Amino acid sequence: MIEVRKLVKRFGAKPVLRGLDFTVEEGEFVALVGPNGAGKTTFLRVLSSLARPSLGKVSIAGFQLPSQAAEVRRSLGVVSHLPLLYGDLTAEENLRFYGKMYSVPELRDRIEQVLELVGLSARRSDLVRTFSRGMQQRLAIGRAVLHDPVVLLFDEPYTGLDQEACDMLDKVLREVAGRGRTVVMTSHDLGRVQDLASRFDVLAGGVIAASTTPSGLGSQNLLDFYRQALAPGVGRLI
């Protein structure tokens, strides 16, 4: 579903991604972890077609980036650090706007389902600019799943969410993963992603430095694996 080969992303003369290889099969849930500044957000921006690769091959759902960016965007649902919603529209109007962009069938019913899923049914008619940061993030999550995309990209989606909203997001992630959708998520909350993902990749030094699965962890927890992956002189653990 996602194939990345020898990806390089530079900002000026500074390389952030350095020949990164990354493959995700249909239905996999990959948690992408790594230290601050490792390039996780940059990598997701490349996957979501918001940044162009400097070198390398990127393919999502059979479409190539950057040449088929429009087709890739129709296949994706994206949640980033910023909600990127229209503050002078209501929650329902935001979803209707995006639903029409993606030609979502039976849009009214789908909006009802999504508002209930993210716990915003009671605030459907309120302007988004009156929402708290956490409520805006809830709506951004609803927008991402509205058109039932085959690939979902989540960049630190728990940022700004209270415990109830975090539990809601867990439910959403389990629901989309249970329907065979492909998920890539960055997060600093290793305990939470250990309970959700089917694979864990550590991004460090501009490449995937280590990768494992829940069964591969054995009795080890993800934090221990992560620390080992970043230890000086350990090398790749893939």
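**Salt bridges and a helix crossing**

At 31% relative accessibility, Arg96 counts as partly exposed. That label belongs to a simple scale: buried means under 20% relative accessible area, exposed means over 50%, and partly exposed lies in between (1.4 Å probe, protein chains only). Before we go on, note that this is a predicted model, in which local features need pLDDT of at least 70 and side-chain atom pairs count only at pLDDT 80 or more, while totals for chains, interfaces and linings use all residues. Residues are numbered from 1 along each chain as its sequence is written, and side-chain values use heavy atoms, with hydrogens and water left out.

Let us stay with Arg96 and meet its partner. Arg96 forms a salt bridge with Glu92, and their closest N and O atoms are 3.1 Å apart. A salt bridge here is a side-chain nitrogen of Lys or Arg within 4 Å of a carboxyl oxygen of Asp or Glu. Why does about one helical turn separate Glu92 and Arg96? They sit four residues apart in helix 3 (residues 91–101); helices (H or I, at least four residues) and strands (E, at least two) are DSSP runs, numbered from the N terminus. Glu92 is buried, at 18% relative accessible area. The pair also belongs to a network of salt bridges that links Glu92, Arg96, Glu112 and Arg124.

The structure holds 15 salt bridges, so let us visit another one. Asp148 and Arg181 meet through their side chains at 2.8 Å, N to O. Asp148 lies in the loop between helix 5 (133–146) and strand 7 (151–155), and Arg181 in the loop between helix 6 (163–178) and strand 8 (182–186), so this pair ties together parts that are 33 residues apart in sequence. Asp148 is partly exposed, with a relative accessible area of 31%.

Now turn to two helices. The axes of helix 4 (residues 107–117) and helix 5 come within 9 Å and cross at roughly 140°. Axes are lines fitted to C-alpha atoms, for helices over the stretch in contact, and angles run from 0 to 180 degrees between N-to-C directions. Helix 4 and helix 5 are therefore oblique to each other, since angles under 35 degrees count as roughly parallel, over 145 as roughly antiparallel, 65 to 115 as roughly perpendicular and the rest as oblique. The contact (heavy atoms within 4.5 Å) is made by Arg110, Ile111, Val114, Leu115 and Leu117 of helix 4 and by Leu139, Gly142, Val145 and Leu146 of helix 5.
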